[in-house]
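Hi there,

Here is the structure I promised to pass on.

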Amino acid sequence: MIEQIRKHIEEAKQFSAQSPKEVEEFRIQYLGKKGILNDLFAQFKSVPNEEKKEFGQVVNELKNLVNEKVATLKASFENTAEVNSGLDVTRPGEIYELGARHPINIVKNRIIDIFSRIGFTLSDGPEIEDDWHNFTALNLPEHHPARDMQDTFFIEQKQDFGTDMVLRTHTSSVQIRYMEENKPPMRILSPGRVYRNEAISSRSHMMFHQIEGLYIDKDVSFADLRQTLSYFTEALFGKSKIRLRPSYFPFTEPSAEVDVYWGLETETDYRMTKGTGWLEIMGCGMVDPNVLKNVNIDPEEYTGFAFGMGIERIALLLYQIGDIRMYTENDIRFLEQFKSELF
Ligand code: DAH
């Protein structure tokens, strides 16, 4: 009999509960009306006299132990937030919607990342620019017909030559600012907003983004330019086949338009490339000696290349976006498609 009670004591000591419900079950099992303890007390009468003392002691021990156990287990559950606030901590959490970066920023950051791997650093300049940095120093003197290539927003038009203020029409102005203040070798990338006085359509906008590259050092060649651009298209589009079509920019000589071979595998490829397989992605060239002279770099000692591209256009190609106006409409259904992008 006493052996039996000692077993109960051991069991009660070992007991642990996962929930308040289990504690209550434990309490009823021992302390309930038809529980173990009442049963034992009922048997007290029939215990032989010489055993009564010891029997009484172990039963009391069991009772105290169970009371203590129930109290501490109950307290431990009451201390959890679950019980206090009625909160079910096992429920899945609420999902917070993450925002997405704008596609223009994603593409800009990717381009910066690609060029920074080969030593290009960032440089920027003002969006309100003077005539010298936007035009004249870039080998576009006043009355030069090539000024008409970009419809300009004038902010202030002064009579005396060279002091006009404009909204910069391209990021090439940053080249001039950087070369005026630094010595070769130099390798910079300049992303930023540019402005053109053009009608808004599916393909053009009054404000858009460009990214400019400039590399000046001894013995920089056209082959270096080509290799750099091929590295770039491979890294961005996974396509390294490019062609350089002769073109004209006042600030480079020779100048070229860069096409990337997109392929003709799908119907979309056909549509995007108008059946040619080629897509134009940027302008480039060897920095014109006149530009170097304008910023006091000796063209006999140094040569360099430059390139410039529109970020909107690159993003159109990468994400197959049909209309440039989508970038500024702020339609959530458009923007949230870029959530999974890392940059
Ligand atoms: N500035 C030119 C534009 O806005 C783009 C460009 C072409 C930049 C050739 C360059 C370059 O640096 O070499 O259309």
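The protein splits into two parts, domain 1 (2–84) and domain 2 (103–338). Keep in mind that this is a predicted model. If you take the centres of domain 1 and domain 2 over their C-alpha atoms, they sit 83 Å apart.

Now for the helices. Helix H1 (residues 2–14) packs against helix H4 (residues 49–78), with 10 Å between their axes and an angle of about 15 degrees. Angles under 35 degrees count as roughly parallel, so H1 is roughly parallel to H4. Their crossing is left-handed.

Which residues of H1 and H4 make the contact? On the H1 side, they are Ile2, Ile5, Arg6, His8, Ile9, Ala12, Lys13 and Gln14. H4 brings in Glu51, Glu54, Phe55, Val58, Val59, Glu61, Leu62, Leu65, Val66 and Lys69. Sorted by type, the residues of this contact between H1 and H4 come out as 10 nonpolar, six charged and two polar.

There is also a sheet to look at. Strands of a sheet pair through backbone hydrogen bonds, in either a parallel or an antiparallel way. The one here is an open sheet of three strands in the order S2-S4-S3, and the pairing is antiparallel. Strand S2 (128–130) and strand S3 (154–156) are the edge strands, each pairing on one side only. From one strand to the next, the twist averages 35 degrees. Three bridges join S2 to strand S4 (residues 165–167) in the antiparallel sense.

Cheers!

Definitions and conventions. Residues are numbered from 1 along each chain as its sequence is written. This is a predicted model: local features need pLDDT of at least 70, side-chain atom pairs count only at pLDDT 80 or more; totals for chains, interfaces and linings use all residues. Side-chain values use heavy atoms; hydrogens and water are left out. Domain bounds come from an automatic or database domain assignment. Two strands pair if DSSP finds at least two bridges between them. Helices (H or I, at least four residues) and strands (E, at least two) are DSSP runs, numbered from the N terminus. Axes are lines fitted to C-alpha atoms, for helices over the stretch in contact, and angles run from 0 to 180 degrees between N-to-C directions. Angles under 35 degrees count as roughly parallel, over 145 as roughly antiparallel, 65 to 115 as roughly perpendicular and the rest as oblique. A crossing is left-handed if the near helix is turned anticlockwise from the far one by less than a right angle, and right-handed if clockwise. Contact means heavy atoms within 4.5 Å. Ala, Val, Leu, Ile, Met, Phe, Trp, Tyr, Cys and Pro count as nonpolar, Asp, Glu, Lys and Arg as charged, and the others, Gly among them, as polar.
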